[in-house]
Structures are given as C-alpha cells and as structure tokens.
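Here is my notebook from a walk through one protein model. Please keep the structure open beside it and follow along.

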Amino acid sequence: MKILVVVAHGRANSLTRQVAEAFALSAREKGHEVEVADLVKERFDPVLTEVDEPDWNDPDKTYSEAVRREMARIERNEATVMVFPVWWWSMPAILKGWIDRVWNHGWAYGPRSYPHKRVLMIAIAGNGRETYEKRDYDKAMQLQLATGILDYCGVEDGRLETLYGAIEGNDAPNQILHSASALGAAF
Ligand SMILES: Cc1cc2nc3c(=O)[nH]c(=O)nc-3n(C[C@H](O)[C@H](O)[C@H](O)COP(=O)(O)O)c2cc1C
C-alpha cells in the first residue's frame, strides 16, 4: 500500500519526527511504500483565504494551486497517516490548516468522501493517560478528530491513536517509539 505520512513538527530531533521515522521504517519493512509530507519543512501555509473557501453551491469549485498540489499528493497514495504532537489538547495549527484547506468541500466531504479508506492519526501526548482521563481530554480528542473529521469525511477505517507520556515518566519516549513501530508493523 502507498502511505502518505504527514508530519507536523519543525524540530529535527523531536519525538514526533522520531515517531514518524519509526512508523515509516516498520511500514516499509512490511512492504508498504511511504511518502513523507513534512509540512513545516515545506513551509505549508495553513491560512485559509477566500480562494480556498468552500462554495456550498459548487462542489466542483477549483481551489488554489497549492491546495490542488496537496490533493494530488494524497490521490497518488492509498492511505494517510498523520503524526503530530498534542498542542492544547488538539493538533498543531499547521496540520489543522492543512485539513482546513485541503480536505475541502466537494473533495473530502459533501457529495464526495476523502479519497482514502484508511487514515491513522498518531498523536504524541506530553502528559500521561491519567491526566487525559481526569478531564475527558481523551474523549474530547476522539470526538473532535476521529468523529468530527475522519468519520465526517467518510473514512471507513479512521483512527486516532494517542501515545501518552512523552514528558511525564522516565521511560516514556522509548515506549512511545516502540508503539510507533508496532503501529507501522500492524498497518
Ligand atoms: C504549544 C504546546 C502545547 C502543548 N500542549 C499539550 C497538551 O495540551 N497536552 C499534552 O499532553 N502535551 C502538550 N504539549 C507537550 C507536547 O505534546 C510534547 O512536547 C510532545 O508530544 C513531545 O514531543 P516533541 O515535541 O519532542 O515531539 C504541548 C507542547 C507545546 C509546545
């Protein structure tokens, strides 16, 4: 399968990038082809301007060239995996803007669905699972990201996997990288 791995972190040695690499390595070992979309390095502009605003009366609206390029990159792959740090109990703005602009009306929702049946979101959380459960942040993220975006766009096999405790706990980064490899091997 051809997998587009979308990474949303600007620091080269971030745990997020290491997770993306660990996922890609084991997915490739399994025989998948992996293409990486490195949003920060590519300086993707997350600001949605008028040209990319949906026209609710026209599902065939032609969006900007930048957006059409992203759509084409998705279309030449068969699955999407987004790897991002949890920032304020959600995804970083650059990834949110990528979805705002690219997962657009008429292409990802409305009369059509997102082109991939399989989409995995891998969120790397600084806090531990208990912190999330205490205030239902885990449920909030599932509802907003998995239901609100993936289900809404008709993704049949859509999933949000949160890897907890990047900052809390001594051993956590290793466990997170181990989980990332396991996700790649199981994909
Ligand atoms: C702006 C910002 C907001 C953050 N918000 C959260 C948060 O809401 N919940 C959480 O668990 N961690 C939060 N963190 C911690 C990151 O999730 C953590 O730094 C990241 O997952 C770990 O690795 P990396 O930055 O090296 O990839 C935040 C970090 C930053 C910089």
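**Entry 1: Phe-84 and the cores**

I began with Phe-84 and listed its contacts (heavy atoms within 4.5 Å). Leaving aside neighbours within four places in sequence, Phe-84 is in contact with Ala-8, Thr-16, Ser-90, Met-91, Pro-92, Leu-95, Met-121, Ile-122, Ala-123, Ile-124, Leu-145 and Leu-160.

A note on what I am reading: this is a predicted model, where local features need pLDDT of at least 70 and side-chain atom pairs count only at pLDDT 80 or more, while totals for chains, interfaces and linings use all residues. Residues are numbered from 1 along each chain as its sequence is written, and side-chain values use heavy atoms, with hydrogens and water left out.

Next I looked up the nonpolar cores. Such a core is a set of buried Ala, Val, Leu, Ile, Met, Phe, Trp, Tyr and Cys residues joined through side-chain atoms within 4.5 Å. Buried means under 20% relative accessible area, exposed over 50%, and partly exposed in between, using a 1.4 Å probe and protein chains only. The largest nonpolar core has 38 residues, and Met-82, Phe-84, Leu-95, Trp-98, Trp-103 and Tyr-114 have the most contacts inside it. At least two residues of this core come from each of β1 (2–7), α2, β3 (79–85), α3 (93–102), β4 (118–124) and α5 (137–151). For these labels, helices (H or I, at least four residues) and strands (E, at least two) are DSSP runs, numbered from the N terminus. I also found a second, separate core of 22 residues, which includes Ala-79, Ile-122, Ile-124 and Ile-176. As background, I noted that in soluble globular proteins nonpolar side chains tend to be buried together.

**Entry 2: helix α5 and strand β5**

Which residues of α5 are buried? I found Asp-138, Met-141, Leu-145, Ala-146, Ile-149 and Leu-150. The buried residues of α5 pack against β3, α3, β4, α4 (129–134) and β5 (157–163).

Thr-162 lies in strand β5. Thr-162 counts as buried because its relative accessibility is 14%. Apart from residues up to four places away in sequence, Thr-162 touches Ala-123, Ala-125 and Met-141.

**Entry 3: the ligand**

An N or O atom in the side chain of Tyr-132 is 2.7 Å from an oxygen atom of the ligand. Taken alone, the ligand exposes 630 Å², and the protein buries 75% of that (Shrake-Rupley method, 1.4 Å probe).

Asn-127 is found in the loop between β4 and α4. Why does Asn-127 count as partly exposed? The reason is its relative accessibility of 26%. Not counting residues up to four places away in sequence, Asn-127 touches Trp-89, Tyr-132, Tyr-164, Gly-165 and Glu-168.

The side chains of Asn-127 and Glu-168 make a polar contact of 3.1 Å. A polar contact is a pair of N or O atoms within 3.5 Å; within protein, one must be able to donate a hydrogen and the other to accept it, and residues adjacent in sequence count only if both atoms are side-chain atoms. I also checked Asn-127 against Ala-166: they are 39 residues apart in sequence and 6.6 Å apart in space, C-alpha to C-alpha.

Trp-89 sits in the loop between β3 and α3. Trp-89 has a positive phi of about 60 degrees although it is not a glycine, and at 27% relative accessibility it counts as partly exposed.

**Entry 4: Ser-64**

My last stop was Ser-64, in the loop between β2 (33–38) and α2 (65–75). Is Ser-64 buried or exposed? Ser-64 is buried, with a relative accessible area of 13%. The side chains of Ser-64 and Arg-101 are joined by a polar contact of 3.4 Å.
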